[in-house]
Amino acid sequence: MWNEYLKRESVFLLSAGIILFFIAVGIISPDLLESVSQAIHAGILDYFSWLYLISAFFFLIFALGIALSRYGTIKLGYDAERPQYSFFGWIAMLFAAGMGIGLIFWGVSEPLLHFLMPPPFMTSSTPEAASFAMRYVFFHWGIHPWAIYTIVSLSIAYFSFRRGMPALISSCFYPVLGERIYGMPGKLVDVLAVFATVFGTATSLGFGALQIHAGFTHLYGLSSAISVTIGIIVIATALFMASAILGVEKGVQILSKINIIIATILLLFILSLGSTPYILNIFTSTLGGYINNVIDLSLQSYPFEGYGWSRDWTIFYWAWWISWSPFVGLFIARISRGRTIREFVLTVLSVPTLFTFIWFSVFGGSALYLELERGVDLTSVAGEDVSLALFVFLEQYPVSGLLSLIVILLLIVFFVTSADSATVVLGSLTSGGSMIVPMYKKVIWGLSLSTVAIVLLLTGGLDALQMMAITAAFPFMIVMVILCYTLWVGLSQEKDRIEQ
Amino acid sequence: MFEKTLIPVSYGERPEELKKIGKILKNLGSTSICLFHVIEAGSLFRGSDISWLTILKETLEELGLDVEVKMGADHIASSIVEAALHEGADEIYMKTKRRWQIGTMLLGSISRDLLRLSDIPVFVHKVRPRLPGDEEVITREDLIILYATDFGEASVRTIPYLMEFQGGWCHILHVRGRMADPFAEEIEKRRLHEKLLAVEEELRPYYGRVTSEQMVGDPSSEVLHVSDQINADVIVLGRKKPAFFSAPMGETAERIVTSSRASIFLVP
């Protein structure tokens, strides 16, 4: 009986064991954890940063190729099925799952940081640096992250809805592994997915907690000690654990939609009260520059000058998106049943991307406007504390206190919804793809997410968060390349059968 | 079907080895041999003594074969292919030598060009079946034939030749990629099983024993593996039209020809 349990729950036990070991080392010997993770991280970046660039570009080409090919008409579900969610509901959930906290965290600070600290070949704080900053923000948050999500979600959706297999990453490996997906090789694939999800989500939760803390410190003079950040994580954990355990899935969906609406209102508010034509000009010219340079940007690592910059930003982002992809991929797959591959890919690649471009044009563009045209010194704030820049930025607008509170509320809700969804997804991944997850697994995964975020913040703060995302993403990137192959095998077999 | 065989020969060919080859070909049904020598434009031996060809001719004639000698010039592989068509040969025979294994040849070599260009079947004689000793006779009944099929057009074209071989044992092998889900895999397995049984039935009158199996994996590796496992003498393959990115005669055929220890009978 015990053997049977071990066999059945091997993915859960193995992945929980690895995470627990990580947490234990982080608590007992943070220095050891830091030095080991730094060594792994440096090794990956030294030898494989080019691979992240090529892979992300390949995922984009592959996703577009599948959508525009003869496979585009294949439905993610049975032929007669209709989409389960309305178009708006679908988009709102896509967006909340895919970006959420990151958009708020980096919306103002990333363009400012690129403007202040561009690669060495560019002069800092110049109009060229501003243009460069906006283009790179579009690039980092543009079509590539969604292409990465698309690969995972399309594979899961195809193999589970169309081929009747469990909603697990290992199911997509059937064409390669055959019956071994039920053995150790398949379980290892699922463990890698869990590993990436825990660290990817913990990174986002860490960002969210830092930003919420910065907001409270800025508004109410709360202590900036790390213990307060940990306290925020503990409170947020209690909230999302309650939500996950009570199973308020409908409530989470409603919260996601409300969050998108609040975010949109905030966006329109900043757009209308800032220099609207300036922002819209930034949007159009950056969009043009992005489209014109997307291939160069995709494969550019500045090996002669600026390699460090590319590693710190582009590679971090690609790794972060990859580490999020099992979680977001599973979530997007679940909500996309009944849509054709073409509709799915083209919508996922275009609509959220466009919204993100508008978001960064409004927040980043307004920040650059204040910096360049109004002489407001936001860059030095962003340079000192990334999480504080947004609140100093909001101070330039009327009812800034209310705006800051709304932003904090948005962050908390994104934190809770993301962590709640991640807990459910982790539970499902470690329960053979079943959506009915035992409560103890939800508790363990919920606590693991928060504890990993705390351990990372304690060991190295923001850098540790970024480092761990890159490390966790690496093996999953290889998994994703194989997913492309197996998806292609499945689709081509199906089309060949239909044509025969 | 194998009545007339064209054998490309070059200076230095050993009569005793050709005699052994002649014995095998005779047992396979060849009655007439065309020895074909191509004189290269820049060759030192151009226009020199060609009495060695006469010796080779006489060696084969001793076996009771009808032998003629033909010469060509220019691009070697093209000349051989052209001559085979012109002479009405049923097959082109090539023996790979130890010092000149096909496996070590680079793209563009004569043999590979020949395999790629030929419009008639090419028999590439490798380690198996071994050349018979002076008193030894290798008959059809001794031959183990491995028929690698994917049930495509190229594979179907090989069936009449398989009937002609009439060896002791024909093993039919189908290798494919795995289907995308267990249910589809099971259906495909059953479908192929029926097809393999049908081919078995078709070939049964021509062989002492006919068996079949289906495998999942890389076609060339599995064909080579099974060929060694059953100690096959000849692997019968159809030559596919190569895809744009693939090797000149299709990746599977190319890898099998390169690495096999059994002889290859490639049907264009």
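Which residues of helix H8 (residues 219-229) of chain B are buried? In this predicted model, the buried residues of that helix are B:Pro219, B:Ser220, B:Glu222, B:Val223, B:Leu224 and B:Ser227. Just after H8(B), the backbone of B:Asn231 takes a positive phi of about 60 degrees.

Widening the view to chain B as a whole, one finds 9 helices and 10 strands, and of its 268 residues, 38% count as buried. If one takes the contacts in chain B between residues at least 6 apart in sequence, 79% of them join residues at least 24 apart.

The strands can be followed through an open sheet of 10 strands in chain B, whose order is E3-E2-E1-E4-E5-E10-E9-E6-E7-E8 and whose pairing is mixed. Strand E3 (66-73) and strand E8 (209-216) of chain B are the edge strands, each pairing on one side only. With direction ignored, neighbouring strands of this sheet are turned by 20 degrees against each other on average.

The domain assignment of chain B gives domain 1 (4-125) and domain 2 (140-267), and 12 residues of domain 1 are in contact with 12 residues of domain 2. On the side of domain 1 of chain B that touches domain 2, the elements giving two or more residues are helix H4 (110-117) and strand E5 (122-125) of chain B, with the largest share, 4 residues, coming from E5(B). The residues of that side divide into 7 nonpolar, 3 polar and 2 charged.

Finally, between the chains, 10 residues of chain A are in contact with 8 residues of chain B. Helix H8 (174-177) and helix H18 (439-499) of chain A each supply at least two residues of the side of chain A that touches chain B, and H18(A) gives the most, with 3 residues. The residues of this side of chain A divide into 5 nonpolar, 4 polar and 1 charged.

Note on methods: Residues numbered from 1 in each chain as written. Chains lettered and ligands numbered in written order. Predicted model: local features only at pLDDT ≥ 70, side-chain atom pairs only at ≥ 80, totals over all residues. Contact = placed C-beta atoms within 7 Å. Nonpolar A, V, L, I, M, F, W, Y, C, P; charged D, E, K, R; others polar. Buried ≥ 20, exposed ≤ 12 C-beta atoms within 10 Å, placed from the backbone. Domains from an automatic or database assignment. Pairing = 2+ DSSP bridges. Axes fitted to C-alpha atoms, helices over the stretch in contact; angles between N-to-C directions.
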